[in-house]
Amino acid sequence: MSEPSRTHASLLPSVAAVLAGAVYMVFFLAGESQMVVFGLLVGAVLALAAFKHWRVLDAVGQSARDHQGPFSIVVVAAVAAVCLYFYDDAFVLFLLGTVLVYVLTCLGLNIQFGFVGVMNFAGASFFGVGCYTAAVLTKHTALPHLLIIVLGGLLAALLGFVILIPVLKTRGHYAALVTIAFALLFKTFLEVNDTLGGPQGLKAAGLNLFGWDVGRDIAIGDFEGSFYLGYIAVILLLAILGFIMARRMEDSWIGLNMDAVRLDETVSACFGQSIPRWKITAFTIGNFYCGVAGAFYAMMLGYIAPTNFTFGDSLILLSIVILGGLGSLWGTVVATGIVIIIPEKFQVLQEYRFLLFSALVIAILLFRPQGLLPRPLRGYRTLKSLPGKS
Amino acid sequence: MDIGLIAQQTVNGLMLGLIYSLVAVGFTLFFGVLDVIKFSHGDMLTWGVFTAFSVYLGLTLIGLAAPVLILVIVALVAMAAIGFLGAAIAKVLIIPLKGAPPLNTLLITLMLGTVLRESIRLFYPDGANPKHFPALLPDWSHSWGHFTLRFDNALMLLTGLLMIVLVQLVIKRTKLGMAIRAVSQDEETARVMGINFNLVVYVTFAIGSALAAFAGVIYVLYYNELSFNMGLLLGAIGFSAAAVGGFGNIYGAIVGGFLFAMLQSIGAAALPFASAYKDVFAFGVVIVLIAVKPTGILGEKETERV
Amino acid sequence: MQNPLLSISNLGKKFGGVTALVDLDLAVPRNRIFGLIGPNGSGKTTFFNVVTGIYPATSGTVVFEKEDITRFSPQKVYRAGVARTFQRSRLLLPLSILDNITLGDHSQLENGLFFNLFRRRALAAQYRQLLDKSRDLITIFDPGLADRIFEPVVNLPMISRRRIEICRALISNPKLLLLDEPSAGMTHEETHRLIDDILQIKDKIADLTIIIIEHEMSVMERITDHCAVLNFGQKICEGTYQQVAADPEVQKAYLGVD
């Protein structure tokens, strides 16, 4: 169990699971009537319960952990395949793009909350900084859009420095207050600030990469697809990059240092850890993720308004992190999918989504605090596979 | 600015300060007995206001026409109902999580707040829209120059201050208050001394929640409007006030409440071109204050046992 | 005493109105095991916390290797070569044995962001080195634990936890090891197994000084070269275990004559 089995056969359970998931997603996303969607949802829950009972899920998890590289590639291929299946369905593609945007955002929050233990109740605010950066810069400057996306991240990280000192100096509830106050302050600020469009918000230009106008429908030979395919390609790359960086961080001394700071500051200090250093690192990187995701989202959506950056939205982001499992990167991916897609497919639920997710998080915290996909122990697996002299 | 306007602003600031203090006292009481933050506190206030509103509608429906009597009944029923709800929440959600990381309780109650808020929006008749709350107190007033003192405002301020004094007396002078303080000091010892820990927690949560309902009734009498999300900001302000004053300290909560109202007034006065920035200003100052005094103005310095 | 490793003079610590340490003078000789004895609340753990920089001293000085470390932060004390264990075992329970031991070697690791994220091969090499080092170290205590090095410590019994805690403190090759009541929470027999381990380690590492706090007098008798006794934050007696045990003041303190 401690050494990964290198046989090809042991890869099968995880690949089969991903394929099954992809096929399921196609049916779920294509489902038109509410009855079909509901039936599929109930079916999924029952199937998962049965698989858990027969220990199929354990086998899948083991297989995925033993073959992280191939497993990740299969997942990406499956996501790409699902997107291509819906090549001309703008609604589904926009939904999938949104999921990827939130995956990137929540990975950032997971680095903060799951790794180093800084609970950020202003995630939507830092996301909003990225959005507004993109809206303002695409309108008033001719900067390359890729640079604007990076700038969105940098500005979010920079704004994080404003509340850095109180975040570092306080603990527990007092620290929570700082980000809560900041989130409320930020939204009020946006609403009353006329330069930034007030409650109406701003328009943002579509993404343009090196002359490729991503906002135009795609036509290659006989193939004609929605322009959202282009956006998905970009955000998929960003999310993969974000995931790899978070994964590398986890499987390194930095991940260990952050865990130590989260679990016991006194012990960490007695073994030389600088507590502010790791909190600043995680907080800044997390906000950078949020800002990058926000800048991209503004370009994909085309307009932004303060109502997207409320305290309630920040809570949804944190709910995703908790639902997936603190510090669990794959958990964040799965939980984002659940939290974003289900209410969109269920127009009845749309109205009730805040209520349902709040109730769901209460239940998770009471009965399964480790989340849907609990974070595995650090095994330095990404390091073990690397060649090198010892 | 003339004297009349300043006086008007002062009455306004006092009223808000009073409401914030009442909410903050609840936060600090809960923190005292259990070291938890119950973030749904603001939404308990909303529930209090909506209970009051429903009772008012019911009473007018059966033909009761004496406004002051209606008000007394409305306030008492709201306080009793919300007090009971507070104790029930303590029993079901707060006490079972006693051993969990403290931030879990904060998160759970944040989510509970959303549940409370959303249930009003979704299930109360026409809950998504603001509603008008009638003036139930006589509209007598007296003018000095530009300044008009309204009788109902004076009465509300007075009742509110009396309520704070009353809570203070209960905490300082009664056996119940002694039990609450004992539990705050040291739960283990309090248990050994024969204090029924759970009962003290229930009662504390009932008192704190009833105070929120009371604050809500004052708020809605003052502004004559209620809506499903009014509690979110009031809760956040009460939380800020309790934190700035120092959690667990009742005087701190009162000071914090009035301080926040003062900051808003200063913000509105100092930025007359953009009085909408007053909350931005007030929360900004709160963040700075927390950076300077990480455990509040009157809070004790935390020391960790190693 | 000539050239002590650690010299404490006039050390005092007050918490508000409560005095925890009063004018403490101690000289800890090199390469010895030094015992610290005293009833509960006599200031032993406070002494460790002041030396390691967790609490600032109210007065007096702490000199380690001829360097004044009185005002050092815990981080700097650790880098100067002092490592410790805690009275209530403080491992990072959800993490693996390896991670817990690795934490102790923080000063030897590359902690830069760029190195950790992008120089993965160099990191992998460092990781393999550390894995071998940790395995070797824990094997001295319990070869069984070396096989379970990727398992979380939360499921392990107290003696294993104590051993891991000592490994965490030893892996950075400190000059001074502070052991805070290693027998707490263990049976008599387990305690003696742990003491065997400590003596074995002491034999293997040439340049290691240990200060140990302990209530079990049989332990102190077995392993210490020299003892000091604290009562109400003051040193009341110092000498070999036999000398200290025979001292009437010490007997009075332990019998609890207030």
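A salt bridge here is a side-chain nitrogen of Lys or Arg within 4 Å of a carboxyl oxygen of Asp or Glu. This is a predicted model, where local features need pLDDT of at least 70, side-chain atom pairs count only at pLDDT 80 or more, and totals for chains, interfaces and linings use all residues. Residues are numbered from 1 along each chain as its sequence is written, chains are lettered from A in the order in which they are written, and side-chain values use heavy atoms, leaving out hydrogens and water.

**Exercise 1.** Work out how chain C meets chain A, salt bridges included.

*Solution.*
- Start with contact (heavy atoms within 4.5 Å): 41 residues of chain C touch 38 residues of chain A.
- Next, count the salt bridges between the two chains: there are 2.
- Now zoom in on Arg90(C), which forms a salt bridge with Asp264(A); their closest N and O atoms are 2.8 Å apart.

**Exercise 2.** Find out how strand 8 of chain C is covered and which strands pair with it.

*Solution.*
- Strands are DSSP runs (E, at least two residues), numbered from the N terminus, and strand 8 spans residues 209–213.
- Check burial (buried means under 20% relative accessible area, 1.4 Å probe, protein chains only): 5 of its 5 residues are buried.
- Sort them by side: Thr209(C), Ile211(C) and Ile213(C) are on one, Ile210(C) and Ile212(C) on the other. In a regular strand, side chains alternate between the two faces of the sheet.
- Look for pairing (at least two DSSP bridges between two strands): strand 3 (residues 33–37) of chain C pairs in the parallel sense with strand 8 over 4 bridges, with Leu36(C) opposite Ile213(C).
- Finally, strand 7 (residues 176–180) of chain C runs parallel to strand 8, joined by 5 bridges; Leu178(C) has Ile211(C) as its bridge partner.

Note on methods. Buried < 20%, exposed > 50% of the residue type's maximum accessible area, 1.4 Å probe, protein only.
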